[in-house]
Structures are given as C-alpha cells and as structure tokens.
Amino acid sequence: MLAMVLSPLIAATGKIAADTLAPIVIETLRKEGGKILGIFGNDLNDLNDKTKQLIFNASQWYVKNYAERHGILKVLGMREPVDLDSVYTNVQFLNEREIRRFETTEALERAFRESQQRRFWSEKVEKQIGVEVANHKQYLMVLGGPGSGKSTFLRKMGLEALKGKKGGFKEHQCIPVFLELKRFTDDTIEIEKIIAEEFEICGFPDATNFTKKALKKGSLLILLDGLDEVPTKQQNRVIEQIQTFVDRHKKNRYIASCRTAAYRSVFRRFSDVAIAEFDDKQIEQFIKNWFCSEQDRQAKTAENCWELLNKNEYQGAKELAQTPLLLTFLCLVYDRSQNFPNIRSELYGKALRILLEEWAAEKRILRKDIYEGLSTGLEEILLSTIACQNFIKDKLFFHKTESIGQIKSFLAGNLNAPQHLDGEAVLKAIAVQQGILVERAEGVYSFSHLTLQEYLTAQYIADKNKIRALCKQVTNRRWKEVFLLVAGLARGRADELFLLMEKEAQAFLEMPGGQQYLVPLLQWAERETEGSGGELTPVAKRTIAYTYANANAYAYANARIYSNLLARANTLANSSVNSLARAYVRIDTNALALTFARAYALTKNNASAYIDNQIYTLANLIESARELKKLPPIYQNLNLNRLIFQLNALKSKVPNTCQSPEVYRTFGKQIVHTWLAAFHLTPEMVDIPLEELKKIDDYFYINWLIVQCKEAAVQVSPKTWAGIEERMLRVPS
C-alpha cells in the first residue's frame, strides 16, 4: 500500500531529480573543484556520461528516499498512509505585528468580543502565505502549538525544494535535508556528519566530502524539526551547537520548528513566525484534498462533509478544524460513516484525548518528569476545574498568576494529587506538550479552542452534579453549548436536566408580565390549533401558531424583530421528529415587520409614498395568505379564502394623494387589523412592550433549548419526554 501511495510522488519527483537536483550537485562540485574518489577526474567541466549517470541515479534515489520518509502522512491510527503532496493545504503565518499586538488580558478579551466570532484567531488576524515567507527568509523559525502543522510544513518545504523552479522555491536552488531533532540524544552532536549520512545512504559518491562542499557553497536547505522535542538534559547543549553550526555555514538556508510555549529567542539570525490557525478556505481545501479519489468525487464526499461542518450544530467541530491535527481527525471520522456523531460530547471528548495522550504517543514524546503522579484522568479534572471557574466569570483569557493559583489550589485540595509539583511548571508543561492552554500574549493564557473550554466546563458540571446550578443560566445564550454538552455527558441524569429547564420556563408564566402578555398568547395558540386535524403533532401546531402570533407582536412593536425566533420555531416544531413541521415553518418575521411598518407608512411623509407602501403591503399580505394555504391544517377556524377576499377589497380603497397623513395611518391600521382578525388576534394581544417581548423570547428560547438538549442526549426516558412535550407551550391547568 505504501508503494501505491508513493508511486505518483516518486514518479513525478524522479524526473524532477534528474532535471533539478543532479544539476545542483554538479554545480556544487564544479564551483568547489577537487577530486572525489577519482571518479570525476581532474576537470569537473568535462564529466563523462558514466559519471553524470552516477550523479543522476544518486539524485533520484535521494528523492525517492525523501518521499518515502517524509512525503507521507499517517497519524491517529490511520489504516493507510496518504501522500502529503495530495492533501497538503498552504500554511499561513501570523503577521509579525500580530504576535505583539495584544499586551493585556483586557485587550484580548475586548478584541475577541468585538469580533463577534468564536474563531477569532483564524478569521480576524492578518496572515502571510507560508511558502512565500520561506522563499524570502533565509533563516526561519516556525512556531505553533501541538498538531498545528509545523513538521508537515517543513516536510512540504523539502518537497517544494526538490521541485526546483517548478516548486515553491523559485528563487533558490537547494537540496533539502530533513533532521528530526528529537533524535539528538547525545551531549555532542555532529550535524555535518548526520547530513553526510543522509547523502551516503542514497549512493552519493564520497558523501562526506560532498557535504563539506555543499555546505561551503550554500547548496542546502536544512530543515530542523522539533526543537522542543530535544530531551531536556541535552537541550541547551543542542541549541548551542545548532547556533554554532548555522554561524559556520551561514550561506545555506534553514527552517526550524518549535512549539510556541517552549521557544526561547536564542537563534540570532532567525526570523520568528507563528503558524496561523486554518481559516474557512484552508479547511475547505484540506477536505477537498482529503476526499479526492474518483469514488469520493462521484459521491461528492468533500462537498457533503464541508456542508455538514457549516451547520449550526457543528460550529464547535468547525472550530476544532482550525488545527490541522484535529481536522485530520474529523476527516477520518467522516470517512468512516459519512457523518459526524449526533452526540457532540463524544466527538469533543475524543478530540481532547488526542491532545492529552494520543498525539504525544504518535510523536514518541516522553511525558516530562513534571507529570509524574499526575495521570491523564487527574489532569482532565484539573483542566475542567480551570475551564469552569473561568467560564463562570465570563473569562476567556486569564493571567498566568491566576492559572498557577488555580493549579496550586487544585493540587492542595486533592489527596490523590502529587503535592510536590510546581504550579508554574505544570502550566508550562500543559501548554508545551499538549497545547490545550495557549499563551496568547506574554503571561496571558486561554484554551486553544473555546469549544474545549465549553466541553471541559460541561464535564465539570456533569462530574460534580451541578445541573441545578447550571439551569440558573438557562437564558444566558453564552451557556448554550455547555447545556448541549451536559445533556450528552450527564447520561442517566438528562431527564433531571430537562425537568429543571422546564421549571425555569414555567417561571416566566408566573411573572406579572407573563400573566399579562405571554399567557394569553399561549392560550390563544392552544385554542386555535386544538382539533384542527392533519398530520402535525399538537406541540408542532402550537409552535407554529405561537411563533406566528409572536411575529405579529414584534411587527407591531415598530418592526423591531429578533429573527432568531424563526430558527427556534423550526427545531421546536420538530420536537416530535415531525419532518412536516420542520418543512412548513416558514414565517419570516422580518418580512412581516416590514409589511406592518409599510402599512402604517411610518418611514415616509409624502402622499405617493404612503400609497405605494400600502399597495405593497396588501400585495405582500395576499401572497402570504396564499402561502399559508399550502400548509397542512394548523388552525381550526382560519378562513384564508375570506381573508384574501377582504385584502383584495381593501386594494380598491387605498386613499388618494389628496388625503391627510392621518387618513393613511388609519387605513394602515385597518389593513393590519383585518389581518389580525382573521387569526382571531386582537391588537391588544400583540401590542406588547419590547422589554416584555424579550422575556417572551427567553421563554421560547428555553423551550427551544430543551428540544436541542434532547437531541444531544445519550439517554432519554420516553415517559419523561412525553410529559414534557405534552406540557410544552401550554399554560398549566
């Protein structure tokens, strides 16, 4: 299978070697002169065919060897490797100014919240194309978190160099040498000797001498991967020797990589760049590259995967996809079942464990002494404690001293936790080795993804059985994802969650405003839909009717609309898994608001504008009534034919241009009242103050969230759910 994966790459690069690599070798020898094993004679300008063929063969073997060792991707238990060139997506670097842009916790919080995006780092930060930076910078230090694509970038740059002018290094002809620094376990390392061994195993004649000449001429692109993976005891010595080597052979090109949290700016010549998280274009391109087989193209696998990832319920998964490692995981998950798990807590839990355990194992990185006694399970509890404490305080970014204090407090309060550990060392180890906590600015940390903080917060709540306290946050939209995750993690306690949420919703009916405005609307919805027949369930009918009445209320309130009501109606109406209800809820509250506003002609002052508005209003309402006729039975006493007749009759009565503005407004009210009367609604029922409408919105949001949580739960009692559904959007007897 490996041969099948590599054959296209080797077939392509074999010719590249003959055209590109061999001439670089010959040019290196020609410039430096000298005699290598007597093969080339005294004059390198007059190489015979046998000698040229020897160099070409060695060059081709070098490319084949590089492709076999560094040109494939096989991670996370993949059954078969894939060609790196086929799935690679261009890396982007943060602009150098962006690395120093945020100096305080407050500045980070402010920038994140002003962006209104969960994926702030991938969407709102200025970036540069990685291969272009590598082409222009002779000395480059690539920084990034675990799984961010540092090693992949270095390997890919080697492949680009082998392509010569057809690759990314158009301005430089160089031979790539990939060195994994984690193999440097001795106190003394001979980098030149290690490079020579890379050439020797590929049949280069007198590889030691050739290496000296290549280094002297500056013919090499030396890729130093994983500075942070050098064993701790050898790290200072290795860094010193690398720096000396670079200074001695400064004509060559260098790209090194290191995890951001482990890096110390000790390389004088190197420009530091940080790998940016994937944005939408990169995620989509990676998915297209991943699912590129003929079978996938015919099945449109990539398009379907990308479409699914963009759905609201998978926004957390899409956030994780900013990291190449976790995007690879998502592609593997989708490849197995052509879907993502309905229980998102399972998906996020697996992603967390990849960062906690599997990636270190894949990279063969030994856990540092700092973890002695701190098991993965105990560390997960520690992280969930930090996540929840900060989430309760509405803090996405927290200062180093706060985090250290939380770690110390956790260790001191747990008899089974190792008491000898240093809080600061634990914080750094988590940031360096796993990247779950990230230092965004000096001394300022956050979770690498908001999704992980939400998941860990939910895990803390489920483990500590804090469900009752959680439900006090039920109208706080910031906690929505936590509720959904708790529903999946709570297992046998999901019913308790639903009932407590229902209790919070019912409390709105007891409020003075609820009694005055909400209760009459709920009673109207039940009265108007009961006994209407058709396939829709009672709760689906109540949802549609109630949502439509609420849309009228918002329209009545000067067209100040919350359009998210529509999305909630779709889900809530589907609480009985009734596809018809989902398909038929098509109430555009914004359009209705605009229609009502035009009926009253609130935005215009001249007569012709009033007339145009009211003609438009009548036409729009007639069209809406015709659309309602296409729905299955919802209302028991709605005569749409009569309503359409009445609206058509009003079209002939629109005031002319001689009338006063008050006449137009009176006529506008007649249009609106005609519409409301058909639904047995009165102006008083929908004339609701905006502050009370917001409370009604909260009530509806809770019911919508209960349905969402039911879909996210692993275990739901049929009896409990049947009772909740029966009571939903109804006034208790």
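Some ground rules come with it: the model is predicted, so local features need pLDDT of at least 70, side-chain atom pairs count only at pLDDT 80 or more, and totals for chains, interfaces and linings use all residues. Residues are numbered from 1 along each chain as its sequence is written, and side-chain values use heavy atoms, with hydrogens and water left out.

**The chain overall**

The chain has 35 helices and 12 strands; these are DSSP runs numbered from the N terminus, with helices being H or I of at least four residues and strands E of at least two. Of the 733 residues, 57% are buried, meaning under 20% relative accessible area with a 1.4 Å probe, protein chains only. The chain exposes about 32400 Å², with 48% of that supplied by carbon and sulfur atoms (Shrake-Rupley method, 1.4 Å probe). Take the contacts (heavy atoms within 4.5 Å) between residues at least 6 apart in sequence: 76% of them join residues at least 24 apart.

**Around strand S12**

Strand S12 covers residues 444-447 and has both faces covered. Val444 and Ser446 are buried on one side, Tyr445 and Phe447 on the other. In general, side chains in a regular strand alternate between the two faces of the sheet. S12 has these pairings, where a pair needs at least two DSSP bridges:

| Strand paired with S12 | Sense | Bridges |
|---|---|---|
| S10 (residues 397-399) | antiparallel | 3 bridges |
| S11 (residues 437-441) | antiparallel | 4 bridges |

His399 has Val444 of S12 as its bridge partner, while Val438 sits opposite Ser446. S11 and S12 make a hairpin with 2 residues between them, and Gly443 in the turn has a positive phi of about 75°.

**Helices H30 and H32**

The axes of H30 (residues 607-628) and H32 (residues 661-678) come within 10 Å and cross at roughly 5°. Axes here are lines fitted to C-alpha atoms over the stretch in contact, with angles from 0 to 180 degrees between N-to-C directions. H30 and H32 are therefore roughly parallel, a label for angles under 35 degrees. Among the contact residues are Tyr610, Leu618 and Leu621 of H30 and Tyr664, Phe667 and Trp675 of H32. By class, the contact residues divide into 12 nonpolar, 4 polar and 1 charged; Ala, Val, Leu, Ile, Met, Phe, Trp, Tyr, Cys and Pro count as nonpolar, Asp, Glu, Lys and Arg as charged, and the others, Gly among them, as polar.

**Ala274**

Ala274 lies in strand S9 (residues 271-274) and counts as buried at 12% relative accessibility. The C-alpha atoms of Ala274 and Thr260 are 7.7 Å apart, with 14 residues separating the two along the chain.

Notes. Angles under 35 degrees count as roughly parallel, over 145 as roughly antiparallel, 65 to 115 as roughly perpendicular and the rest as oblique. Buried means under 20% relative accessible area, exposed over 50%, partly exposed in between (1.4 Å probe, protein chains only).
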